[in-house]
Amino acid sequence: MDLDVFVSAHRPEWDRLEALLRRRRRLTGAEADELVTLYQRTATHLSVIRSSSPDPQLMAHLSQLVARARSAVTGTRRASWRDVTQFLTYGFPAAVYRSRRWWIPTALLSTLVAALLGWWIGTHSEVQASIAAPGELRDLTRPGGEYETYYSSHPAAAFAAQVWTNNAKAAALCLVFGVFLGLPVLLVLFLNMLNLGTGIGLMSSAGRLDTFLGLVLPHGLLELTAVFVAAGTGLRLGWSLIDPGPRPRRTALAEEGRAAVGMAIGLALVLFVSGAIEGFVTPSGLPTWARISIGVLAELAFLVYVHVLGGRAARAGDTGDVEAAERSATLPTAA
């Protein structure tokens with residue numbers, strides 16, 4: 001295709017569309033119809049240029065023009081409480097349910113890694129010595145030591161907010177790093193499991209593993225599940241670059257990326273709950289069985305929520321992506 005000839009033939013239409021957009025609030029009925037027609041034609045022109053003779057400057061100009069025209073044609077949509085309800089009952093659980101084949105194996109393998117690290121550290125004194133001096137290890141693991149006082153070292157509300165921020169950041173990193181083929185996600189996940197395995201190993205070597213689990217399980221079940229979901233979603237996002245399936249690679253990345261952004265918002269809410277448990281329940285004077293029961297109930301509630309609401313929404317075709325009306329317009333491109 002001769003780009004100069006193509007531009008000369010269609011520039012009057014683009015200029016006319018731009019003129020209509022500048023005064024779109026004072027258009028007559030005929031002019032409004034003309035705007036819609038020119039928007040459709042310009043979108044087609046952009047598709048042709050992308051597939052046949054991609055010129056970066058021209059594509060940027062037409063992309064901006066098409067975006068403005070689309071906004072004028074479809075109107076601006078305001079978010080409402082219905083959107084929040086729709087997201088919590090359909091979009092978010094559907095996205096978590098769809099990615100279960102990624103995050104469930106991630107959870108199982110990560111738990112195994114943490115257990116093996118805990119066994120290795122707990123049964124090898126030379127490994128423990130490389131972590132800290134004997135006196136420091138005693139301060140960590142003794143009754144009333146740092147592992148126990150950590151959860152009551154700050155006022156509950158401030159501690160819960162700090163924990164929520166740190167965990168939400170870790171989950172967001174897993175989601176964002178998925179773009180880099182998922183490799184950094186594995187590092188973030190390993191560091192989390194190394195931290196957990198170290199606690200298991202040191203406390204088990206001191207004969208206080210039951211105390212450690214009594215402190216970790218109330219909030220850790222839900223917290224780690226959220227991290228595993230984020231990691232699995234990040235890995236899925238990275239895999240969409242390697243194997244996009246029947247979709248164009250750019251389309252696959254866009255769809256999975258939008259779902260991942262929604263996932264980040266939903267997981268922030270899940271981590272808020274786990275942070276509240278860690279700030280108010282874990283350091284409380286409740287019996288160990290009661291604290292663990294609260295953690296187990298929170299975990300079961302989340303899994304049922306994902307399985308029931310997410311499974312139903314996924315079977316109905318919801319993918320966790322934004323609604324079709326909110327996506328960028330896409331047109332077929334030449335092979």
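Below is a short tour, from the overall fold to the cores and the record's annotations.

Keep in mind that this is a predicted model. The protein has 13 helices and 0 strands, so settle in for helices, as the definition of those elements goes by DSSP runs.

**Overall picture**
- Of the protein's 335 residues, 39% count as buried.
- Looking at contacts with a separation of 6 or more, 77% are between residues 24 or more positions apart.
- The accessible surface is about 18,300 Å², and carbon and sulfur atoms hold 63% of that.

**The largest nonpolar core**
- This core has 45 residues, and the ones touching the most other members are Phe92, Val96, Phe212, Met263, Leu267 and Phe302.
- Elements giving two or more residues to the core include α4 (81-98), α5 (100-123), α12 (249-281) and α13 (288-315).
- The largest share, 11 residues, comes from α11.
- Leaving aside residues up to four places away in sequence, Phe302 touches Phe92, Val96, Leu222, Thr225 and Val270.

**A second core**
- There's also a separate core of 19 residues, with Phe6, Leu20, Ile49 and Ala69 among them.

**What the UniProt record says**
- An unreviewed UniProt entry lists residues 102-121, 170-191, 211-238, 259-277 and 289-308 under "transmembrane region".
- In the model, the span 211-238 is 100% helix, with its end C-alpha atoms 38 Å apart.
- The span 289-308 is also 100% helix, and its end C-alpha atoms lie 28 Å apart.

Notes: Residues numbered from 1 in each chain as written. Predicted model: local features only at pLDDT ≥ 70, side-chain atom pairs only at ≥ 80, totals over all residues. Heavy atoms only, no water. Core = buried A, V, L, I, M, F, W, Y, C linked by side-chain atoms within 4.5 Å. Buried < 20%, exposed > 50% of the residue type's maximum accessible area, 1.4 Å probe, protein only. Helix = DSSP H or I, 4+ residues; strand = E, 2+ residues; numbered from the N terminus. Contact = heavy atoms within 4.5 Å. UniProt positions renumbered as here; feature names shortened; annotations may be inferred. Areas by Shrake-Rupley, 256 points an atom, 1.4 Å probe, with all protein chains shown as cover.
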